Amino acid sequence: AGVVLLLAAAQWALYGFTWQDLPAYLLLALSALPPVHTGRVPRRLGRVGLVGIAGVSVGVWILPAVPMLPSPDGRYAVGTEIYRWTDASRDEPHTADASDRRSVIAQAWYPTMRREDSGGGARLPYIDGTDHMPRQVSGLPGFLLHRYGQIVTHADASAPLARSDRRWPVVIFSPGYGAPRAVYTGLATRLASRGFVVFVLDHPYESGVTRLPDGRVVGTHEMFPPGQPDRTRYMADQQLVRAADIRFVIDQISRPEVLSARLRGGLIETSKVAVIGHSFGGAVSAMALSEDPRVVAAANIDGTPYGD
């Protein structure tokens with residue numbers, strides 16, 4: 001027990017205290033107490049119980065407090081950058097301010113040349129808003145995500161797009177309802193490592209957490225019509241909003257001047273794109289395919305369509 005307590009103290013000194021470790025520390029404290037015998041419990045069983053408590057304590061203690069993402073498995077290293085665009089032609093349906101314009105956040109994940117020091121490049125946060133997290137994010141208390149800024153995405157925020165004798169194919173990804181784009185980082189980096197430029201979107205006020213172009217961090221905020229809290233109708237309307245978001249993103253990436261120097265110059269194929277979505281994003285991907293001739297392929301991952 002003394003050795004285990006010493007290891008716990010070392011962990012606390014090296015990594016700091018987090019509330020997730022509290023059960024482990026309590027169990028460790030119990031394991032340090034002398035066994036109590038009632039006369040009916042054999043001493044050997046008391047020792048087994050003590051070892052069991054210590055084992056559970058260590059098991060909880062060594063669980064990673066910060067999730068680890070799988071490394072991309074393709075031939076390319078991965079670069080990334082974030083675009084926070086505002087569509088001046090559309091109002092924001094989720095706020096009462098008539099002057100609010102619709103914003104869309106797009107994080108690009110793209111193939112870059114593998115370097116010897118692939119882990120030493122600039123990093124971007126795994127998720128928006130770790131410093132001003134909403135009270136709830138996708139149904140979870142926001143404070144549960146306060147260490148998510150430490151998650152390694154395996155992507156370099158300063159690396160250029162890899163050279164190629166053809167334009168890189170583009171995939172636009174729309175998340176599930178309420179899910180931040182960060183949830184799909186593993187999928188996006190894997191696609192990028194295999195030679196795709198992937199734009200993963202955040203749809204503000206629907207995503208669990210989004211940092212807007214003006215720096216504000218917002219969570220989910222549903223706006224129902226007055227006196228009509230009809231979720232089916234709301235989702236049908238929101239599907240139209242999302243489809244318009246996707247069209248706007250295709251418009252944006254087709255304009256070289258709005259992209260960084262790393263992605264501009266005709267190096268990506270914007271006249272023919274694929275749209276992938278999960279859950280509600282999957283339903284929107286099907287709508288995008290049916291309405292926009294620039295969308296030549298779509299994948300609906302377990303999404304129920306609304307409306308038409």
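This is a predicted model: local features need pLDDT of at least 70, side-chain atom pairs count only at pLDDT 80 or more; totals for chains, interfaces and linings use all residues.

Colleague: OK, and is E92 buried or exposed?

Modeller: E92 is buried, because its relative accessible area is 4% and the cut-off for buried is under 20%.

Colleague: Let me zoom out. How many helices and strands are there in the chain?

Modeller: The protein chain has six helices and ten strands, and 44% of its 308 residues count as buried. Among contacts between residues at least 6 apart in sequence, 72% join residues at least 24 apart. The chain exposes about 16000 Å², of which carbon and sulfur atoms supply 59%.

Colleague: Which strands does strand 5 pair with?

Modeller: Strand 5 (residues 168-174) pairs in the parallel sense with strand 9 (residues 268-278) over six bridges, and it also pairs in the parallel sense with strand 6 (residues 197-202), there over four bridges. To follow this residue by residue, you can find V171 bridged to A274 in strand 9, while I172 has F199 in strand 6 as its bridge partner.

Colleague: How many residues of strand 5 are buried?

Modeller: Six of the seven residues of strand 5 are buried, so the strand is mostly covered.

Colleague: And what do strand 5, helix 4 and strand 6 make together?

Modeller: Strand 5, helix 4 (residues 185-193) and strand 6 make a right-handed β-α-β unit. Within helix 4, the residues T185, A188, T189, L191, A192 and S193 are buried, and what covers the buried residues of this helix includes strand 1, strand 2, strand 6 and strand 9. Just after helix 4 comes G195, which takes a positive phi of about 105°.

Colleague: Now the inside. Which residues touch the most other members in the largest nonpolar core?

Modeller: That core has 31 residues, and W85, I172 and F199 are the ones that touch the most other members. At least two residues of this core come from each of strand 1, strand 2, strand 5, strand 6, helix 5 (231-253), strand 9 and helix 6. Helix 5 gives the most to it, with six residues. There is also a second, separate core of 14 residues, which includes W109, Y184, L191 and V200.

Colleague: Moving on to helix 6, is V284 buried or exposed?

Modeller: V284, which lies in helix 6 (residues 280-291), counts as buried because its relative accessibility is 0%. Not counting residues up to four places away in sequence, V284 touches Q239, R242, A243 and I246. V284 and Q238 are 46 residues apart in sequence, and their C-alpha atoms are 9.4 Å apart in space.

Colleague: And where is R231 found?

Modeller: R231 is found in helix 5, and it counts as partly exposed because its relative accessibility is 39%. Leaving aside neighbours within four places in sequence, R231 is in contact with Y177, E222 and F224.

Colleague: Last one: which side chain does the side chain of S207 make a polar contact with?

Modeller: It is the side chain of D202, at 3.2 Å. S207 lies in the loop between strand 6 and strand 7 (210-211), and at 4% relative accessibility S207 counts as buried. Beyond its neighbours within four places in sequence, S207 is in contact with G178, A179, P180, D202, G219 and T220.

Note on methods: Residues are numbered from 1 along each chain as its sequence is written. Side-chain values use heavy atoms; hydrogens and water are left out. Buried means under 20% relative accessible area, exposed over 50%, partly exposed in between (1.4 Å probe, protein chains only). Two strands pair if DSSP finds at least two bridges between them. A crossover is right-handed if, with the strands pointing away from the viewer, the path from the first strand over the helix to the second runs clockwise. Contact means heavy atoms within 4.5 Å. Accessible areas come from the Shrake-Rupley method with a 1.4 Å probe; for residues, only the protein chains shown count as cover. A nonpolar core is a set of buried Ala, Val, Leu, Ile, Met, Phe, Trp, Tyr and Cys residues joined through side-chain atoms within 4.5 Å. A polar contact is a pair of N or O atoms within 3.5 Å; within protein, one must be able to donate a hydrogen and the other to accept it, and residues adjacent in sequence count only if both atoms are side-chain atoms.
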